[in-house]
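User: I'm new to reading protein models and I'd like to know what the labels rest on. Can we go through a few of them together?

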Amino acid sequence: MAGEPQTDCLFCKIVTGDIPATIVRESATTVAFRDINPQAPSHVLVIPKAHYPDAASLAAGDPQAAADVLREAGLVAADEKLTETGYRIVLNTGAGAGQTVFHAHAHVLGGRGMQWPPG
């Protein structure tokens, strides 16, 4: 069920502390941690503590939590000193878009040049 922790969800286990992660920020509704397979010098994931399978279901089910994820993504970028050089926030939705963990999350990427379209 959306919003409820899922026993088989990697990110839910990070939220509860059952799986370790390098946490860089935490708020009442979000956790931000370093990606274990970084695609840029700075690559941090920001997730809602509540389980939603993707960004669209998060926005529909809890718009405030969706806003919290985006706010925290901006704060992560500031903490990582990416605001002057630029950064990218990516929300993959669905396997065809590259989503591999089905718990809504935003990627904050920076520290290198970003091309469009992404490669």
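User: Where is Val 24 found?

Analyst: Val 24 is in strand S1. Strands (E, at least two residues) and helices (H or I, at least four) are DSSP runs, numbered from the N terminus. Keep in mind that this is a predicted model: local features need pLDDT of at least 70 and side-chain atom pairs count only at pLDDT 80 or more, while totals for chains, interfaces and linings use all residues. Residues are numbered from 1 along each chain as its sequence is written, and side-chain values use heavy atoms, with hydrogens and water left out.

User: Why does Val 24 count as partly exposed?

Analyst: Buried means under 20% relative accessible area, exposed means over 50%, and partly exposed is in between (1.4 Å probe, protein chains only). Val 24 has 30% relative accessibility, so it goes in the partly exposed group.

User: And which residues is Val 24 in contact with?

Analyst: Contact means heavy atoms within 4.5 Å. If you skip neighbours within four places in sequence, Val 24 is in contact with Ala 32, Phe 33, Arg 34 and Val 44.

User: What makes Asn 92 buried?

Analyst: Its relative accessibility is 19%, so Asn 92 counts as buried. Asn 92 sits in the loop between strand S4 (87-90) and strand S5 (106-110). Not counting residues up to four places away in sequence, Asn 92 touches Ala 97, Gly 98, Gln 99 and His 107.

User: How many aromatic pairs are there by the ring rule?

Analyst: First, the rule: rings of Phe, Tyr and Trp (its six-membered ring) pair if their centres lie within 6.5 Å; planes under 30 degrees apart are stacked, over 60 edge-to-face, and the rest tilted. The count comes to one pair. The rings of Phe 11 and Phe 33 have centres 5.4 Å apart and planes at 75°, so this pair is edge-to-face. Phe 11 lies in helix H1 (residues 10-16) and Phe 33 in strand S2 (residues 30-34), so the pair ties together parts that are 22 residues apart in sequence. Both Phe 11 and Phe 33 are buried.

User: What is the largest nonpolar core made of?

Analyst: A nonpolar core is a set of buried Ala, Val, Leu, Ile, Met, Phe, Trp, Tyr and Cys residues joined through side-chain atoms within 4.5 Å. The largest one here has 15 residues, and Ala 32, Val 46, Leu 58, Val 69, Val 76 and Val 108 have the most contacts inside it. Strand S3 (42-48), helix H3 (63-79) and S5 each supply at least two residues of this core, with the largest share, six residues, coming from H3. Apart from this core lies another, of nine residues, among them Cys 9, Phe 11, Ile 14 and Val 31. In soluble globular proteins, nonpolar side chains tend to be buried together.

User: How do you know that Arg 25 forms a salt bridge with Asp 79?

Analyst: A salt bridge is a side-chain nitrogen of Lys or Arg within 4 Å of a carboxyl oxygen of Asp or Glu. For Arg 25 and Asp 79, the closest N and O atoms are 2.9 Å apart, so the pair passes that cut-off. Arg 25 lies in strand S1 (residues 23-26) and Asp 79 in helix H3, so the bridge ties together parts that are 54 residues apart in sequence. With 24% relative accessibility, Arg 25 counts as partly exposed, and so does Asp 79, at 41%.

User: How many salt bridges does a search of the whole structure find?

Analyst: It finds six. One of them joins the side chains of Glu 26 and Lys 49 (2.9 Å, N to O). Glu 26 lies in strand S1 and Lys 49 in the loop between S3 and helix H2 (55-61), so this pair ties together parts that are 23 residues apart in sequence. Another pairs Glu 80 with Arg 34, with the closest N and O atoms 2.8 Å apart. There's also a network of salt bridges linking Arg 25, Asp 68, Arg 71, Glu 72 and Asp 79.
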